[in-house]
Amino acid sequence: MEIVHIASEFAPFAKVGGLGDAVAGLTGALVEKGHSVEVFLPKYDIIDTSILENLRKVDTLLLFEQDEQITTTLWQASFRGVSLTLVDPDPYFKEGKIYGNSDDTKAFLFFCKVVAKALSQREKSPDIFHAHDWMTGAALLFLEKPHEPKTLFTIHNLKYQGKCAPSYLEHLRLAYDEEVLSDPVNSEDLNLLKGGITFSDQTTAVSPSYAEEILSPDGGFGLEQFLTQNKTKITGVLNGIDTTYWDPNTDPSLISTYSAEAPLPGKLANKRYIQKTLGLTPSDTSPLVVSITRLVPQKGPDLIEYGIEKCAEIGGQFVLLGSCSDPETEKQFTELKRRFERDPHIAIHLGYDEKLSHLLFAASDMFFMPSLFEPCGLTQMIAMRYGSIPLAHATGGLKDTIFDPETSKEPNGFLFRVPDNKGVSSVLERAFSLFAEKESWNQLMLRGMEADLSWNASASKYLKLYKSK
Ligand code: ADP
């Protein structure tokens, strides 16, 4: 099959969070299954193009935005068998970051328009055109006849919907039906994510539980009624992880690599290294808990703060690697960092650090994830692969991938039902108590390490959707 994806992220070179991992993982797995896969991506100035193969300019397009003609250069390259088309419009994607630029909506809408135009100029339509989240949902509106491949749209996170004034589409000279695109919460706005769902043949959400949760007022962020009306076209497909990239047996960032056959010496070497480099008291027996996350409300920052305090109180060690994107959270965690500066059991590292994240997955005994909602979540799966037991709130994809000893005969982690301090206390206490029983703990760890968390099964599910009528 000829499969074209359009996305705003692609790991590892254009990644903010799990969306980048998911797009790279799914497209890589489709290539492995013998399909021809192309991904359209913005050519952000932050992309380190030295890791791309065979990068070259292939085309120039001239398109209008308002009355201004904008020149866009198209580049092609490949990365691990996936063909990449990098879209480089003169004025956009040159502010040193992926999101949070002067006008993300304008930039991504223009990107969508370019991609639709580029496809329309080809002799043949691909079999599949697959868009991800609000940033690329509009591409489905721009697709031109006769190039009408089967279309899919994936909801990675419904909280972000790309709401904008109608003038944004008018500037791109796109005729649209206002009623179809209007936002249910504020009818003055258009909603690009709603557009992606409406104009796709099939929509997926990134886990079966999330596909259910988004139909409720708590999970639907204002789109619950619209989604319920469209629920027959929405399927939950769990993400996988890239098991080549996330492999403790070959990971070049680790101090000592290890596999499920004999994980303990390798894990201990990484734990000792982290304790030493982050200034924690050396201890093989204190449970080391880590969180690696974007510090946004979704991820439960207050519960992370409480978890750190509780962990210190009950004799554990905690390392937080968190990236802040708003000044308020930055202030909260800078203050927390200051409070624990001299505590030899707590380390708080603010920022995004890929290499440190690998070391922390390997060094940790437990991975703490108190997300208030979590569409799929990748870090709990990466943690399992690295022998770190996830402790998480039972929501969305966390509930679909983590099985608790209290409810499962084959547990691989711990869940708490209510996302409050009581839930956090009880999950940490239960986990610390099992940690002391080495044999049971190791069983839990091996179950996670040996599970098939790869994209293989999920890619097969996507292929089934691609092929269905
Ligand atoms: P989300 O997409 O909501 O951020 P996921 O769990 O799906 O959450 O994926 C997060 C990805 O981003 C993982 O690969 C994780 O390791 C990485 N990540 C998140 N925060 C950081 C950070 N501060 N430093 C390094 N990697 C991070």
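1. Start with strands β15 (residues 366-369) and β16 (residues 389-393): they run parallel and 4 bridges join them. Met366 sits opposite Ile389 in β16. Strands here are DSSP E runs of at least two residues, helices are H or I runs of at least four, and both are numbered from the N terminus. Two strands count as paired if DSSP finds at least two bridges between them.

2. Before going on, a word on the source: this is a predicted model, where local features need pLDDT of at least 70, side-chain atom pairs count only at pLDDT 80 or more, and totals for chains, interfaces and linings use all residues. Residues are numbered from 1 along each chain as its sequence is written, and side-chain values use heavy atoms, with hydrogens and water left out.

3. Now the whole sheet. It is open, with 6 strands in the order β14-β13-β12-β15-β16-β17 and parallel pairing. β14 (346-350) and β17 (414-416) are the edge strands, each pairing on one side only. From one strand to the next, the twist averages 15°.

4. Two helices to look at against this sheet. Helix α13 (residues 327-339) lies across β12, β13 and β14, at about 150° to β14. α18 packs on the sheet too, touching β15, β16 and β17, and its direction makes about 80° with that of β16. Contact means heavy atoms within 4.5 Å; axes are lines fitted to C-alpha atoms (for helices, over the stretch in contact), and angles run from 0 to 180 degrees between N-to-C directions.

5. Buried residues in α11 are Pro263, Gly266, Lys267, Asn270, Lys271, Ile274 and Gln275. Buried means under 20% relative accessible area, exposed over 50%, and partly exposed in between (1.4 Å probe, protein chains only). An α-helix has 3.6 residues a turn, so residues three or four places apart point the same way. The cover over the buried residues of α11 includes β12 (288-295), β13 (317-324), α14 (354-363), α17 (421-435) and α18 (438-450). After α11 comes Gly279, with a positive phi near 75°.

6. Last, have a look at Ser209, in helix α8 (residues 208-213). Ser209 is buried, at 13% relative accessible area. Leaving aside residues up to four places away in sequence, Ser209 touches Gly396, Lys399 and Asp400. Ser209 and Cys376 are 167 residues apart in sequence, but 8.7 Å apart in space, C-alpha to C-alpha.
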